[in-house]
Amino acid sequence: MVLQTLRRLMADRYACDEQDVQLAATFDELNITEDEKADMAVTLEELYGVELSSGTLAACDTLEDLVGYIEDRL
């Protein structure tokens, strides 16, 4: 569920190819900047009601890290 949301979000806002948005992908591999990562966090907080602090974002190297963090709190 969270991964599908991320795929759409990253394709629509950050020009990522949905096929490249896989759990093992890093934000660097997807060319996601820190500002885009922060914007993404705000959107995900609104959608899922899960707080994503700057420290949490810094600890998330891959999409799997971010998805796992959110899903663990749902």
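Biologist: Hi! Where is asparagine 31 found?
Modeller: In this predicted model, asparagine 31 sits in the loop between α1 and α2.

Biologist: And what is its phi like?
Modeller: Asparagine 31 has a positive phi of about 60 degrees, although it is not a glycine. Most residues other than glycine have a negative phi.

Biologist: Is asparagine 31 buried or exposed, and why?
Modeller: Asparagine 31 counts as exposed because its relative accessibility is 62%, and the cut-off for exposed is over 50%.

Biologist: What about alanine 15, where does that one lie?
Modeller: Alanine 15 lies in the loop between α1 and α2. Its phi is positive too, near 60 degrees, and alanine 15 is a residue other than glycine. With 72% relative accessibility, alanine 15 counts as exposed.

Biologist: Let's go inside. Which residues touch the most other members of the largest nonpolar core?
Modeller: Those are Met10, Met40 and Leu66, in a core of 24 residues. Helices α1 (2-14), α2 (34-48) and α4 (63-72) each supply at least two residues of this core.

Biologist: Which helix gives the most?
Modeller: That's α1, which gives 6 residues to this core.

Biologist: What does methionine 40 touch?
Modeller: Leaving out residues up to four places away in sequence, methionine 40 touches Leu6, Leu9, Met10, Tyr14, Phe27, Ile32 and Leu66.

Biologist: Switching to rings: how many aromatic pairs are there?
Modeller: The count comes to 0 aromatic pairs by the rule used here.

Biologist: Then what sits over the ring of tyrosine 69?
Modeller: The charged end of arginine 73 does, 3.6 Å from the centre of that ring.

Methods
Residues numbered from 1 in each chain as written. Predicted model: local features only at pLDDT ≥ 70, side-chain atom pairs only at ≥ 80, totals over all residues. Heavy atoms only, no water. Core = buried A, V, L, I, M, F, W, Y, C linked by side-chain atoms within 4.5 Å. Buried < 20%, exposed > 50% of the residue type's maximum accessible area, 1.4 Å probe, protein only. Helix = DSSP H or I, 4+ residues; strand = E, 2+ residues; numbered from the N terminus. Contact = heavy atoms within 4.5 Å. Phe/Tyr/Trp six-rings, centres within 6.5 Å; stacked < 30°, edge-to-face > 60°. Lys NZ or Arg CZ within 6 Å of the ring centre and 35° of its normal.
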